[in-house]
Every structure is written in structure tokens, then in C-alpha cells.
Amino acid sequence: MAPLPGAELVQSPRQLYRYLLRCCRQLPTKGIQEHYRHAVRQSFRVHSDEDNPERIQQIIKRAIEDADWVMTKYKKQN
């Protein structure tokens, strides 16, 4: 299960970045949104020099799985 519709369409780092920022907007409070927005930005900085297409796809898959976990976590709390 994906956190937002369209996760299956994410194929590039830029699409992933936009997708994750949209996920952040769905979180319940501004503080939580800022925390995860910062984490998304930091992660992109860390992986900005990645050029292996297989590794990029692994990172995209894992990031979507992690976003799903975060979204599910905060939905259960409400």
C-alpha cells in the first residue's frame, strides 16, 4: 500500500522528491511536517552523487516503503 496515489509512477529522483514532499503535507502537525521535510532534503543531499541506476531504483523503492510506514504510523495515532 502506498502512502499517496501515484507512488507506482515514481521513476526518477526528482519525481520521488516531489512525491515525498506531498506526503509530508499530509502529516498532522506543522512540526511533524517540518521534521520529515528536513529528513527528505537531507537524504537527497546524501544521495545526490549516486549514479548507479539499480541503486537509484533501490533507494526509490525504500523511500516509498518508509513513507508508507510513516503515514501509517500517524494515521493510527489519530
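Biologist: Is Arg22 buried, partly exposed or exposed?

Modeller: First, the ground rules: this is a predicted model, where local features need pLDDT of at least 70, side-chain atom pairs count only at pLDDT 80 or more, and totals for chains, interfaces and linings use all residues. Residues are numbered from 1 along each chain as its sequence is written, and side-chain values use heavy atoms, with hydrogens and water left out. Buried means under 20% relative accessible area, exposed over 50%, and partly exposed in between (1.4 Å probe, protein chains only). Arg22 has a relative accessible area of 33%, so the residue is partly exposed.

Biologist: Which residues form the positive surface patch?

Modeller: Patches take residues with over 30% relative accessible area and no salt bridge; like charges are joined within 9 Å, nonpolar side chains (Val, Leu, Ile, Met, Phe, Trp, Tyr) within 5 Å. Lys and Arg count as positive, Asp and Glu as negative; His and the chain ends are not counted. The positive patch consists of Arg14, Arg18, Arg22 and Arg25.

Biologist: Which helix holds Arg22?

Modeller: Helices are DSSP runs of H or I with at least four residues, numbered from the N terminus. Arg22 falls within residues 13–25, which make up helix α1.

Biologist: How many aromatic pairs does a search of the whole structure find?

Modeller: Rings of Phe, Tyr and Trp (its six-membered ring) pair if their centres lie within 6.5 Å; planes under 30 degrees apart are stacked, over 60 edge-to-face, the rest tilted. By that rule, the search of the whole structure gives two.

Biologist: Why is the pair of Tyr17 and Phe44 edge-to-face?

Modeller: The ring centres of Tyr17 and Phe44 are 4.8 Å apart. The pair links distant parts of the chain, Tyr17 in helix α1 and Phe44 in helix α2 (residues 30–46), 27 residues apart. Tyr17 is partly exposed at 26% relative accessibility, and Phe44 is partly exposed at 23%. The pair is edge-to-face because the planes stand at 75 degrees.

Biologist: At what angle are the planes of Tyr36 and Tyr74?

Modeller: Their ring centres lie 6.1 Å apart, and the pair is edge-to-face. This pair joins helix α2, with Tyr36, to helix α3 (residues 53–77), with Tyr74, across 38 residues. Tyr36 and Tyr74 are buried. The planes are at 80 degrees.

Biologist: How many salt bridges does the structure hold?

Modeller: A salt bridge needs a side-chain nitrogen of Lys or Arg within 4 Å of a carboxyl oxygen of Asp or Glu. The structure holds three.

Biologist: How far apart are the closest N and O atoms of Glu34 and Arg37?

Modeller: Glu34 and Arg37 are three residues apart in helix α2, so about one helical turn separates them. Glu34 is partly exposed at 42%, whereas Arg37 is buried at 18%. Their closest N and O atoms are separated by 3.0 Å.

Biologist: What is the relative accessible area of Lys61?

Modeller: Lys61 forms a salt bridge with Glu65, with closest N and O atoms 2.6 Å apart. Both lie in helix α3, four residues apart. Glu65 is partly exposed at 40%. Lys61 is exposed, at 53%.

Biologist: Which residue forms a salt bridge with Asp66?

Modeller: Asp66 is partly exposed at 35% relative accessibility. The closest N and O atoms are 3.0 Å apart, and the partner is Arg62.

Note on methods
Areas by Shrake-Rupley, 256 points an atom, 1.4 Å probe, with all protein chains shown as cover. Charge placed at Lys NZ, Arg CZ, Asp CG, Glu CD. Helix = DSSP H or I, 4+ residues; strand = E, 2+ residues; numbered from the N terminus.
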